[in-house]
Amino acid sequence: MLVDNKILPVLVIHDQKKAIDLAKCLYDSGIRNIEIALRTDSSKKSVDKIVNSQIPLNVGIGTILTIDDLIFAKQVGADFGLSPSTDTQIIEKSIELGFNFVPGISTPTDISSVVKYGINYLKFFPAENLGGMDYLNTINSPFKHLDLKYVVLGGINQTNFKKYLKSDSVIAIGGSWIAEQTLIETNNWNEITNRSKKFLELSI
Ligand code: 3PG
């Protein structure tokens, strides 16, 4: 699902005119995977611009909360989708569409609901609030034999991300910290570059 490295910046884009500059900045910094959250009036237009650009990023659509969001992600040509929650209707539709979808989980009950569908990539959210890697290890232990893989998001930044990378169960970590809102608003591409490079360097 993710390519080249395990870092996944979450992008909340309020101004679609910045979408291409932001995508280019991230790609030039070595980022290969992004999650664009469907949380603003500009998000769908931003996704459209980035997916249809020449920038070869692996694009995930985040905050998929409805069937319409899922259909949008599939039709626009995104590589994968994620949601913060376990919604079985969306899971069933993603299977019907043949779309690579990563549902959100936060409890053993959520994990049980998801694995019934044969899904083994799950989004652990909100990671830091729930208790981080210790909590994930605990809730994953009854499912260990299924070799589930987690995309870890929620409250992750430069001070706390390394512990997740040590786990074999974690295939990706990320968050909005890399391309923080204020940095996008102020066109601070230098700082977004610095943060991307730092995450990538430390993740090797
Ligand atoms: C997400 O949608 O995955 C989250 O917004 C990421 O969490 P963060 O904003 O705390 O990094």
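## Where two strands meet

Let's begin with Pro 9, whose bridge partner in S9 is Gly 175. This pairing belongs to a predicted model. Strand S1, covering residues 7-11, runs parallel to strand S9, covering residues 170-175, and three bridges join the two.

## The sheet around them

S1 and S9 are neighbours in an open sheet of nine strands with parallel pairing. Read across, the order is S5-S4-S3-S2-S1-S9-S8-S7-S6. At the edges sit strand S5 (101-102) and strand S6 (104-105), each of which pairs on one side only.

Helix H2, made of residues 43-51, lies across strand S2 (33-37) and strand S3 (58-62). The helix runs at about 155° to S2.

## The largest pocket

Gly 175 turns up again here: together with Val 10, Arg 39, Phe 125 and Ser 176, Gly 175 is one of the lining residues nearest the centre of the largest pocket. How many residues line this pocket? The lining has 13 residues, and the pocket's volume is about 150 Å³.

A pair of aromatic rings is described by the distance of the centres and the angle of the planes. The model has three aromatic pairs. One of them joins Phe 124 and Tyr 135, with 6.1 Å from centre to centre and 25° between the planes. Why does this pair count as stacked? The pair is stacked because planes under 30 degrees apart fall in that class. Phe 124 belongs to strand S7 (residues 121-124), while Tyr 135, eleven residues away, is in helix H7 (residues 132-140).

## Two more residues to look at

Most residues other than glycine have a negative phi, and most peptide bonds are trans. Thr 63 has a positive phi, near 55°. Look for Thr 63 in the loop between S3 and helix H3 (67-76).

Finally, find Asp 110 in helix H5, residues 108-115. Which residues does Asp 110 touch, leaving aside those up to four places away in sequence? Asp 110 touches Thr 86 and Ile 105. Thr 88 is 22 residues from Asp 110 along the chain, and 10.0 Å separates their C-alpha atoms.

Terms used:
Residues are numbered from 1 along each chain as its sequence is written. This is a predicted model: local features need pLDDT of at least 70, side-chain atom pairs count only at pLDDT 80 or more; totals for chains, interfaces and linings use all residues. Side-chain values use heavy atoms; hydrogens and water are left out. Two strands pair if DSSP finds at least two bridges between them. Helices (H or I, at least four residues) and strands (E, at least two) are DSSP runs, numbered from the N terminus. Contact means heavy atoms within 4.5 Å. Axes are lines fitted to C-alpha atoms, for helices over the stretch in contact, and angles run from 0 to 180 degrees between N-to-C directions. On a 1 Å grid over the protein atoms alone, a cavity is a set of points where a 1.4 Å probe fits but cannot get out, and a pocket is an open set with protein on both sides within 12 Å along at least five of seven lines; lining residues have an atom within 4 Å of a point. Grid points are joined across faces, edges and corners, and a volume is the space filled by probe spheres set on the points. Rings of Phe, Tyr and Trp (its six-membered ring) pair if their centres lie within 6.5 Å; planes under 30 degrees apart count as stacked, over 60 as edge-to-face and the rest as tilted.
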